[in-house]
Amino acid sequence: MVTNLLIFLLLFMIIAAVAALQTKNLLSAVISVGAVGFGVSVAFLLLRAPDVAITQIAVEVLTLLLLIRATIWRGVRTVSGQREVFGSAVAVVLVLLILLLVLPVFSGLSFGVGPQMELASSHYLQQGLSETGSANIVTAVLLDYRAYDTLGEATVLFTAIIGALVLMRQQARKPLEE
Amino acid sequence: MTGMTVIVKTVTRWTAALIFLYGAYVVAYGHLGPGGGFAGGVILACAYILITLAYGGEHALRVLPRAVASRLDSFGALAFLALALVGMVGGGLFFTNWLQQKWAGKAFHVFNGGIIPLANVAIAIKVCMSLFLVFFILSSVRMFGKDEQIDFRSKEVD
């Protein structure tokens, strides 16, 4: 049941992604990207990961708003210019190559049943509440066992906002001479 | 950046506080239910962005001035780092959950988890303010000064 729903969602997301690429109207493209994000969020819900689903849907709404506000409200409405055939072909070939190289690695990992995966996950599930006091094991992993990763993520966000501030400030302080 | 119609403004007046409340709930109960600092922070930022879109940039900057947002952004990041460093003093290692080791609360209660709820709040402040700032910077450049307005409706694009 869940597998069928997931396959349906995947097909929906692929169609929406292709539509986002193919359409000339920017608003349609942005809405198609939003449909892909919505599909990802529902897929996370079906896979019983509500934490990721909440984050995904919130970030998706925000990104959609940003895209609409930063492009369409400024009068940029349609995509112009020719599609690069050579670049697209090179990208597709590279992605297929990487997929072929990565497949043996992933099939050798044996998710969920392998000893190396079992050890960490069973420890988190059994000892997480008593060790960290956090009933939500995802939060326990994010902010206690793997807090370094969260610190790195916060640093990335901080750096991004500094970069945006600096870039936009230069543009605003020194208007282009025409 | 001007506001929208009266209908949008009225609906925003009713819903913005509820969205903010939901974001605060997701942050505060992040260690008990689904959610957490990042998701809650994004929802809080969405509430601010709703106000910005409905009422316009000037009103949004009156609610939350840009300098305050910048400082709260830095404060959130520094608070998270400070929690990690205090763990070094209290427990010996970076990011040690010393609070939980000393005063463990009841399981499944809000006041539990040591530094985890505090870290959630710090991350929420940080994420909310950075996303609000990103939105504001990308959507309007008027905040850099009243006389320096740049029209991004540029001539080359069309």
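Predicted model: local features only at pLDDT ≥ 70, side-chain atom pairs only at ≥ 80, totals over all residues.
Local features need pLDDT of at least 70, side-chain atom pairs count only at pLDDT 80 or more, and totals for chains, interfaces and linings use all residues. Residues are numbered from 1 along each chain as its sequence is written, chains are lettered from A and ligands numbered from 1 in the order written, and side-chain values use heavy atoms, without hydrogens and water.

Chain A contains 7 helices and 0 strands. Helices (H or I, at least four residues) and strands (E, at least two) are DSSP runs, numbered from the N terminus. The pattern along the sequence is α-α-α-α-α-α-α. Of the 178 residues in chain A, 26% are buried (under 20% relative accessible area, 1.4 Å probe, protein chains only). Among contacts (heavy atoms within 4.5 Å) with a separation of 6 or more in chain A, 42% join residues 24 or more positions apart.

The accessible surface of chain A is about 11,900 Å² (Shrake-Rupley method, 1.4 Å probe; for residues, only the protein chains shown count as cover), and carbon and sulfur atoms hold 73% of that surface. A nonpolar surface patch comprises Phe86(A), Val90(A), Leu94(A), Leu97(A), Ile98(A), Leu101(A), Val102(A) and Phe106(A). Together these residues expose about 800 Å² of accessible area. Ile98(A) lies in helix 4 (residues 85-109) of chain A. Patch residues have over 30% relative accessible area and no salt bridge; like charges are joined within 9 Å, nonpolar side chains (Val, Leu, Ile, Met, Phe, Trp, Tyr) within 5 Å. A salt bridge places a side-chain nitrogen of Lys or Arg within 4 Å of a carboxyl oxygen of Asp or Glu.

In chain B, Val27(B) belongs to helix 1 (residues 6-28). Val27(B) counts as buried because its relative accessibility is 7%. Beyond neighbours within four places in sequence, Val27(B) contacts Gly36(B), Gly40(B), Gly41(B), Asn120(B), Val121(B) and Ala124(B).

Notes
Buried < 20%, exposed > 50% of the residue type's maximum accessible area, 1.4 Å probe, protein only.
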